[in-house]
Amino acid sequence: MTVDVMIVMAPFTYSYGPSMGPALLKACLQKEGISTLAYDYTSEFNYKYSDLPEYDSVTAWFQSPEIKLTKQEFDWYQDVIDDLAEKIVQQNPKILGISLLSMSSQRFTEDLCFFVKKKNDKIKIVIGGGGHDIFQFEHGKNWNQVLVEENIVDTAVVGEGEYSFVDVVKNNIVGVYQSKQLNNVELSEIPIPDYSDYDMSMYDTVKFTNTSNWDRSLDESDAKGKPIVYQVTSSKGCVKNCVFCDVAKIWPKFRFRDGKKVAAEIIHLNKTMGANYFSFTDSLINGGLRPFRELNKSLAEELPNSIQYEAQFIARGPKEMPEEYFELMSRAGCYALNVGVESGSDSVRMHMKKGSTRKDVDYTTEMLTKYNIRQVWNIIAGYTTETDDDWQQTMDIVKYWIPRTNGLLTVMPVSVFLVLEGTPASDHEYLDANKLKRNVLNGYSGIDWISENNPTNTYEKRAERFIELCDYLLGVNSRYKNLLEKKIKLNTKRLEWVRNEAA
Amino acid sequence: MKQLELMLKLHSLPDKKPEFLIYINNKEIKNFTFISEYADDDLNLCVVKQELNNIGNHNFKIQFLNKLDTDLLVDKSRDIFVDLAIEIYSVKIDDVDITHEARSTGIYQNINSLNEETFGYMHTNGTFTFNFITPIFLYKRNINLIK
């Protein structure tokens, strides 16, 4: 039997539960009478292979393409992809859809497309998601364009796929296809993801580490017996346009779903699948305060003390988010929030267009602690304008709050500041204004840069600050020792690579 | 379709030219065992063009057939001044040059089944084999990826 469409999620993403993308697209296509299979390859990849010695190197390469593999690691990886491609070809879909969450899925996608097309070039391949419309210096064009021109991909859907993927299938659209942004009404009407093809038993055993799903990541032994994490979307885009973030490129405008409908989706998944832990895919869950309040109100009333959720969050002041919001969040099941603090310096935060002030951060931290909600702060080391004094403010705010948050605060050093393609930091206006010069190393432009306005902020300095924070955190919290050590290791490897390439 | 353009430089003796076979994807494409097959120009270049599938594994092989021990002439200081040989001069897929990759990763095996590392210079009877994939950007990525 031939199926119309098969959709897979491409590694690499960290995963603690079923990936929403393929299941959501399946629901959208099936609604239009298009037979669809959906598989979560990224979780399968993590689940099946994370105990193997090759896994760490290959997934490090997925995330940092400058990393090299041994012949043995490369051969192992090629065999894995070949095997997956064979399974796809045996199912004989007319169309293979590959969903990429980020750039970290590009390497896998290139290879999967290669092996599938080599085995059966009649299968049309459509890629979509957030990780493909990205400029690559090496090719002088966007990555998706390269794949289309090289004929290993037929269609690249840029933007939201819930409706446009249906168009692509129905109307046989090829090439790079720019979908229009959904409005609030359309977004509210998207169906509930259909996970019926997923092997749910896979998610019972958690073996992976994760930086966004902090409670599980910090100590892998904590993960045992924890519920499966289901993803849910209540908004797309962001109310901010931080210079380090490419969300505005993917979703230029902030839109939100009806809070009651989002709550209804959560309730449905709870009743039908026993889902009781949810992770919001939103760039920030409190971008729209009205729908956020509606969501919490519905959950608190209709599903009291039944579920927990986690999300990304922006620190706001008491005028925008009075205390009653936090109390309602707590009753609705808000378990943990990822707060983009980024820096302890107001000057840095304002320059990066974060918007939040130190006062907002302090207020939010106090409220979250009061209502027993866990929080993770993202910290970036070595922002363009960051001085020694700015960095000291970051260390100070971390050192101030860690002992005052009842163990609910986790500080996560994200990385050194990278000038990533697709973010406002890579725009000419930003580069010119900051006299920022990029040293393109082996095709990668975001790593080794220098601003003539702040010339002491070298890659070495940024790496030094990053490690200073990691070292401090290692000293005060052993719960996520493994993760911090991995981060230090990766940072050290990258520093060596920069030194070698620059030489 | 992609086009492979393989250019060989032929090092001839005054009265003898290299004789060789070219295989692409394991099929014999050219048989240069007859003098008349040569494109005669100043550079003694032999050019072969072949269409390839957009996606897949490929190879080309050059089998050098007629070298004798006497086909290497040296002067009094033992410097070579005439040598019957074939040199991988250039390899392109469409407009992407992969000469360096072909010379450095191609395997040149002599008739005693020993591999010789001569960076694409075939100085003795044997077979030079180069394996690659298309799209070529993936081939280049893989070459740079392995330690």
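Modeller: Helix α16 (residues 388–401) of chain A packs with helix α18 (residues 459–476) of chain A at an angle of about 15°, and their axes are 11 Å apart. Axes are lines fitted to C-alpha atoms, for helices over the stretch in contact; angles run from 0 to 180 degrees between N-to-C directions. Helices (H or I, at least four residues) and strands (E, at least two) are DSSP runs, numbered from the N terminus. The model is predicted: local features need pLDDT of at least 70, side-chain atom pairs count only at pLDDT 80 or more, and totals for chains, interfaces and linings use all residues. Residues are numbered from 1 along each chain as its sequence is written, chains are lettered from A and ligands numbered from 1 in the order written, and side-chain values use heavy atoms, without hydrogens and water.

α16(A) and α18(A) are therefore roughly parallel (under 35 degrees; over 145 is roughly antiparallel, 65 to 115 roughly perpendicular, the rest oblique). α16(A) passes α18(A) in a right-handed crossing (near helix turned clockwise from the far one by less than a right angle). Contact (heavy atoms within 4.5 Å) involves A:W391 and A:M395, among others, on α16(A), and residues including A:F466 and A:L469 on α18(A).

Now the strand residue. A:Q312 sits in strand β13 (residues 308–313) of chain A. A:Q312 is partly exposed, at 32% relative accessible area (buried is under 20%, exposed over 50%, partly exposed in between; 1.4 Å probe, protein chains only). Leaving out residues up to four places away in sequence, A:Q312 touches A:D282, A:S283, A:L284, A:I285 and A:N338.
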